[in-house]
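Colleague: I would like to go through this model with you. Let us take it one point at a time.

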Amino acid sequence: GDGNEGRKEKYTGPLLEKLPETGAGITIKKYLDAFNTGDAEKMRQFFDDYAKKSEAALPIEKRLENYKNFYADMGELTFVNLNASQSSEGIWEVSVTTSTGNPAKFIFRIETESPWKFEGLQIGMGD
């Protein structure tokens, strides 16, 4: 190895104007990119490639059904900023605006180390 195995990347600033281009930031970006296609097959691919496989996870069909409902309500999402204050616990709060201009918050749960798999998501409307 290169001696960095034990080092945890920590994002301290409360609000980041853009997603980190490493680690969990990539997972979040891939999610948003897939979400914005409006295509459930692209979301299926995201979950196949980037979601943690676990007994507790929602079945893929349920995830895709939820996605279709969210996309119908929100349309394309525009990234606003990231609150990484709980990132050491794997919690990343992403503020977005929807295609109708309404604020929404996507609270991602992502593994805290490589390969930074998606574990879950809560969505809240409003800021």
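Colleague: Is Trp116 buried or exposed, and what is its relative accessible area?
Modeller: This is a predicted model: local features need pLDDT of at least 70, side-chain atom pairs count only at pLDDT 80 or more, and totals for chains, interfaces and linings use all residues. Residues are numbered from 1 along each chain as its sequence is written, and side-chain values use heavy atoms, with hydrogens and water left out. Buried means under 20% relative accessible area, exposed over 50%, partly exposed in between (1.4 Å probe, protein chains only). Trp116 is therefore buried, at 18%.

Colleague: What is the phi of Trp116?
Modeller: Trp116 sits in the loop between β4 and β5. Most residues other than glycine have a negative phi. Trp116 is not a glycine, yet its phi is positive, about 55 degrees.

Colleague: Which residues does the cis peptide bond join?
Modeller: Most peptide bonds are trans. Here omega is about 5 degrees. Pro115 is placed in the loop between β4 (103-110) and β5 (118-125). The cis bond joins Ser114 and Pro115.

Colleague: In what order do the elements of the protein chain run?
Modeller: Helices (H or I, at least four residues) and strands (E, at least two) are DSSP runs, numbered from the N terminus. The protein chain has three helices and five strands. From the N terminus on, the order is β-α-α-α-β-β-β-β.

Colleague: Are α1 and α2 roughly parallel or antiparallel to each other?
Modeller: Axes are lines fitted to C-alpha atoms, for helices over the stretch in contact, and angles run from 0 to 180 degrees between N-to-C directions. Helix α1 (residues 24-36) and helix α2 (residues 40-50) pack at about 160 degrees, with axes 8 Å apart. Angles under 35 degrees count as roughly parallel, over 145 as roughly antiparallel, 65 to 115 as roughly perpendicular and the rest as oblique. So α1 and α2 are roughly antiparallel.

Colleague: Which residues of α3 make the contact with α1?
Modeller: The axes of α1 and helix α3 (residues 60-74) come within 10 Å and cross at roughly 70 degrees. That makes α1 roughly perpendicular to α3. Contact means heavy atoms within 4.5 Å. On α1 the contact uses Ala34, Phe35 and Asn36; on α3, Tyr67, Phe70, Tyr71 and Met74.

Colleague: What percentage of the residues of the protein chain count as buried?
Modeller: The protein chain holds 127 residues. The share of them that counts as buried is 34%.
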